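Subject: Structure handover

Hi,

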Amino acid sequence: CNAGTYVLNQTLCVECQTGKYAPQALSDSCLDCEAGAHTNNLTMATRCSTCDGGKYSISSSTECSFCSLGKYSQSGASECLNCLVGFFTDQVGSSSCTACSAGNYLNLTGASNCSVCATGKYQGSTGQAQCNDCEVGKHASTIGSSSCSSCAAGYYINETSSWNCSVCAVGKY
């Protein structure tokens with residue numbers, strides 16, 4: 001018998017089914033492809049191929065499946081992993097996650113997009129789980145701010161998380 005087959009009852013050569021392989025003729029049965037590998041829907045496979053990054057497979061697979069949104073995998077994966085807090089994937093079949101940009105945040109795992117910081121809040125770093133409050137005397141007047149600004153001369157803010165400066169009263173500065 002040839003590779004890709006097994007010997008049944010020591011008399012008959014039988015082709016390996018999809019998801020199984022035989023590097024040489026084997027006795028009684030073919031081998032299962034391990035999780036993270038596949039046979040490309042071939043019968044009589046002589047080896048298994050490793051799944052590419054962004055894909056995964058279970059044992060005895062004929063092909064690899066794409067990771068869903070918010071998940072990723074490296075090559076040879078048996079499962080896809082959730083992106084961590086502050087990171088996301090917005091495409092099916094991702095091999096890595098992308099950090100949320102400054103001015104954005106993400107406080108969940110396995111997500112497909114980031115949230116924008118609200119007015120009065122900011123985030124100056126990438127890959128973060130939350131936005132920060134602007135300190136007293138500073139403001140973030142637009143959503144998605146990566147920093148807070150001081151009020152212009154003649155204006156003030158006396159609370160945190162503010163987005164609007166107030167005009168100083170007559171005689172005050």
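Predicted model: local features only at pLDDT ≥ 70, side-chain atom pairs only at ≥ 80, totals over all residues.

Residues are numbered from 1 along each chain as its sequence is written, and side-chain values use heavy atoms, with hydrogens and water left out.

**Sheet**

Three strands make an open sheet with mixed pairing, in the order β2-β1-β4. Strands here are DSSP runs of E, at least two residues, numbered from the N terminus. Two strands pair if DSSP finds at least two bridges between them. The edges are β2 (12-15) and β4 (26-27), each pairing on one side only. β1 (residues 5-8) runs parallel to β4, over two bridges. Val7 has Ser27 in β4 as its bridge partner.

**Positive phi**

Most residues other than glycine have a negative phi. Asp28 has phi near 75°. Asp28 sits in the loop between β4 and β5 (31-32). Asp28 is exposed, at 56% relative accessibility. For these labels, buried is under 20% relative accessible area, exposed is over 50%, and partly exposed is in between (1.4 Å probe, protein chains only). Ser60 also has a positive phi, about 65°. Its loop lies between β8 (55-56) and β9 (65-66). Ser60 is partly exposed, at 29%.

**Cysteines**

The whole structure holds ten disulfides, counted as pairs of cysteine sulfur atoms within 2.5 Å. Three of them are described here.

- Cys117 and Cys131: the sulfurs are 2.0 Å apart. The link is left-handed, with -85° about the S-S bond. It joins distant parts of the chain, 14 residues apart. Cys117 is buried at 0%, and Cys131 is buried at 13%.
- Cys134 and Cys148: S to S is 2.0 Å. The torsion about the S-S bond is about -85°, so this disulfide is left-handed. Cys134 is in the loop between β17 and β18 (138-139), and Cys148 in the loop between β18 and β19 (149-150). Both cysteines are buried.
- Cys151 and Cys165: the sulfurs are 2.2 Å apart. This link is left-handed, at -85°. The two residues are 14 apart in the chain. Cys151 is buried at 16%, and Cys165 is buried at 17%.

Which cysteine sulfur is nearest to that of Cys168, which is in no disulfide? That of Cys151, 8.4 Å away. Cys168 is buried, with a relative accessible area of 15%.

Best wishes

Methods: Helix = DSSP H or I, 4+ residues; strand = E, 2+ residues; numbered from the N terminus.
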